[in-house]
Amino acid sequence: MKSQVRGGTRWKRFAVVMVPSLAATAAIGVGLAQGALAASFAISGQEFKVTTDKLEGTQFVQYGSVNKAKDLKGEPFAAPVAVSGFDTAKITNMCQSVVTPVPGLGNITLRLEAGNEGTKVEAEELYLDVSYLDADAEFTNIDIGIAAGALDHGPDRKPSGRQGIQPNTEANPFGFGQRAESVTLTDVEQKAWATTAGTFKLPDLNLSLHRGTDKECFQG
């Protein structure tokens, strides 16, 4: 059953995927068991953190998937993710960090910052493979409970030009999905395994390396 909400919808401090956890876990588990879910490129064995003051996105979609990867020792593992897609996104004050253990040096944090000098980061055809998300959210014209395979179709079941399942990847088309015409996320803290975009403009880009983990974008 699909739940439709017209107009603005505000959700305060929501978790990684805004669906009942048992249903989401079951859908992802079935897809993994059937070998139906795959990433479009080799996923690294390192999760990274992202913070933003605000993300303003259009044609938002979200569905469950699994990233198959190898850790830093080369051991395979599978990571359940909520894939969030946007046709366009504008991001204010973005920080991205990843920690890498380096023999002889200990943990080294790579930190990237952009869009914090008055010009926003801009992205098109943006997809985020997210394992954790904490933010304030406001949606416009949201559909909750739509089948993932129908995310890019209208009520008449014809292609609508909306975002859908990421091209060149697979997901259970009968699994839980949701979409909205627009979404605004504020005070974002996120952990992710992968980000892909058709275009990604990073004004005022700054990249730095730091010993230890105290320069991560957020702790925890």
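Visitor: What makes Lys120 and Glu56 a salt bridge?

Guide: The rule asks for a side-chain nitrogen of Lys or Arg within 4 Å of a carboxyl oxygen of Asp or Glu. In this predicted model, the Lys120 and Glu56 side chains meet at 2.8 Å, N to O, so the pair qualifies. Lys120 sits in the loop between β4 and β5, Glu56 in strand β2, 64 residues apart. Strands are DSSP runs of E, at least two residues, numbered from the N terminus.

Visitor: Why is Lys120 called partly exposed?

Guide: Buried means under 20% relative accessible area, exposed over 50%, partly exposed in between (1.4 Å probe, protein chains only). Lys120 has 33%, so it is partly exposed. Glu56, at 28%, counts as partly exposed too.

Visitor: What makes Arg179 and Asp143 a salt bridge?

Guide: Their closest N and O atoms are 3.0 Å apart. Arg179 lies in strand β6 and Asp143 in strand β5, so the pair ties together parts 36 residues apart in sequence. Arg179 and Asp143 are buried.

Visitor: Which residues have the most contacts inside the largest nonpolar core?

Guide: Phe86, Phe139 and Leu185, in a core of 27 residues. Such a core is a set of buried Ala, Val, Leu, Ile, Met, Phe, Trp, Tyr and Cys residues joined through side-chain atoms within 4.5 Å. Strand β5 gives the most, 11 residues.

Conventions. Residues numbered from 1 in each chain as written. Predicted model: local features only at pLDDT ≥ 70, side-chain atom pairs only at ≥ 80, totals over all residues. Heavy atoms only, no water. Helix = DSSP H or I, 4+ residues; strand = E, 2+ residues; numbered from the N terminus.
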